[in-house]
Every structure is written in C-alpha cells, then in structure tokens.
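Tell me if anything looks off.

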Amino acid sequence: MLKLMLAVACIGCAGATNVAAQEFPSKPVTLMMPYAAGGPGDAITRIVGQGMSKVLGRQFLVENMGGAGGTIGTAKVAAAAPDGYSLLVMHLGHAANTALYRNLRYDAVADFEPIGMIAESPMAFVARKNFPADNFKDFVAQVKAGKDKVTFGHAGIGSASQLCGLLFFSAIETTVTTVPYKGTGPALNDLVGGQFDFMCDQTLNVLQPVSAGLIKAFAVTTKARLAVAPDLPTAAEAGLPGFETAVWFAMYAPKGTPKSVIDALAAALQAALKDPEVKSRLAGSGAETVSQERAQPEALRAHLKAEIAKWGPIIKKAGVYAE
C-alpha cells in the first residue's frame, strides 16, 4: 500500500512538473551575470534579457554576483531549482575555469543544460603609448627579448584578458612578469599611466583610449580585420599564424531543467538574436551576434567541450591556478 501511495505521489509530481513546463514562463526569469555590473558581460546580459522578455512576455531580471572569476555566481545557478527561472550568462571563463580552479563546486558540463551561444567580442593587443615597437611583429620581438623586464597586466584570474595572455605566451613560447588587477578599469588606468607594458582586452574597452592616443594598439585577435578598426591587422596576418580568440558569451540552465523549458528558452534566445534592435545594441556594446546555428543548445554543448579541451593544456602549461 505504501509503495502504491508513493507511486501515485510520484506520478502526481511528474504531472505537476509537466504542467509547470507547459506554462513556462509564468513569472520573471533571473539571469545570473557572475561579474560586477557595468562591464561588457553585464551589458550583453541585459540586452539579451530584454530581447527575450519581448519574445516570452515575462521580465528577465539580471543578478550580478562577482568574485572568484565568476565561479561564485555560476555555482549559485548550478545549485538552483531546475525550472528555467534561474539561468546563467557566462563568457569563455566557464570553460577555462575548469582548469584554473582545482576545487570547483560544480561541473561546467554535467551540472548545466546549454541553451545557446549569444555573441562574441573581439580582443586586441595594446601597450603603453611609449612602448618601443611600431607594429605587431616588432612588439612580439620586444616581448620575447625582454622577458622578465616586460610586464603584462590583466583584469584578474579567469578574466578574458588573462586567458588571451596565456594563449599568447604559449604561442610565442615566452613568459613575462604578470600584474593582476581587479577589473579591466584599474588595469587600463595603469596602462595609460605607463605602470606596465601591455595587455590584451576586449576592443570595446581599449579602442577608445587608443583613438585618444593614450595607448597604442598592435593587432586584433579575430580571423578577419574589424570594421571599426580596419587599420589594425589580425595577429595571424601580422606574424602569429593560427592565433585567434574571442570572448564568447552563452546561456545555461541548471541540469535537469525540462526539455520543453530548454526548447522554449532556446527559441526565445534565437528570436531575440534576430531582433534588429538587439543586434544593433549588441554591436554597440562591442559584440557580434552569433549565427542561428551557433545559438542552438547542442552547438553550445559541442563548443563548450572544445573550449575546455583547448584551454586545459594552455593553463596547465602556464602553471597558473586559482584556489
């Protein structure tokens, strides 16, 4: 009799879950951006959230929870109820953190359901305005020759700027003195002040001070030159064949979220990314909207696994870890 009661109860639970999934969303959805408000990731999250809100007719709220390379906010979503109302928007650090942090409280693949990629933001190599190089080839030569005398700054452990630097050092087989900061803002301020030699960061952050003559730029990290900076060569064409990286952003739900809810969220994301206003605002934030094919759950799953495989060896080679 007890077994029968439990079975009936479980059937009832399943039925309630299915009804809830069919009615999704019936209340506001929270998008976790695990970094401080005001940065590129925050802007991208708010733009996409507003776009998805128009599609689904429910408010998408943004929660910022910075710290530990985005792992604190990410862990909160991993532990949230798998009902589609607590989602994560995270950049390439979601892949890199699997190697950077040896004691993560979550599994980047197993504890999440992929919804889709959102956008990519290009990066550029920049240096203090009096750095003794006039082009990317000379810049690389100066870095390799200077080694311990050359200083590289980044926005913190797990930041896109740190990861770009690790990829760069691996490509040129050189290490330099590294200066970590708590955010891109402080790092850029010190680069402008000549407190360190160079960094690699999102073009959204660095092109304005470059235009103002406060720092100098050598190359972008994309496959092709950027329309907003056509005079800047790509790193590949300027002397580092195959060098390419971008800050990609994607959306995830906790593991176990019903497929019908994932399907609804993925469809809403894809519709939002087609919206001319969303595309325009993302472009204004320095990000390029991904294709509809890449905004699919399975495409994101494959990309995440490939990025984990890419960054793991690079981080292990560098011996850079966070607690």
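1. Helices here are DSSP runs of H or I, at least four residues, and strands are E runs of at least two, numbered from the N terminus. This is a predicted model, where local features need pLDDT of at least 70 and side-chain atom pairs count only at pLDDT 80 or more, while totals for chains, interfaces and linings use all residues. Residues are numbered from 1 along each chain as its sequence is written, and side-chain values use heavy atoms, leaving out hydrogens and water.

2. The buried set (under 20%) in helix 5, residues 136-146, is Phe136, Phe139, Val140, Val143 and Gly146. Down the helix axis they fall within an arc of 140 degrees (directions from the axis to the C-beta atoms), so they line one face.

3. What do those buried residues pack against? Strand 5 (123-128), helix 6 (160-172), strand 8 (198-202) and strand 9 (215-220), with contact meaning heavy atoms within 4.5 Å.

4. Now the ends of helix 5. Asn135 caps the N-terminal end, with a side-chain oxygen 3.2 Å from the backbone nitrogen of Lys137. Just after the helix, Lys147 has a positive phi of about 45 degrees.

5. Thr221, in the loop between strand 9 and strand 10 (247-254), is buried at 0% relative accessible area. Leaving out residues up to four places away in sequence, Thr221 touches several residues, among them Met123, Cys164, Cys200 and Phe243.

Key
Buried < 20%, exposed > 50% of the residue type's maximum accessible area, 1.4 Å probe, protein only. Polar contact = N/O pair within 3.5 Å; in protein donor to acceptor, adjacent residues only side chain to side chain.
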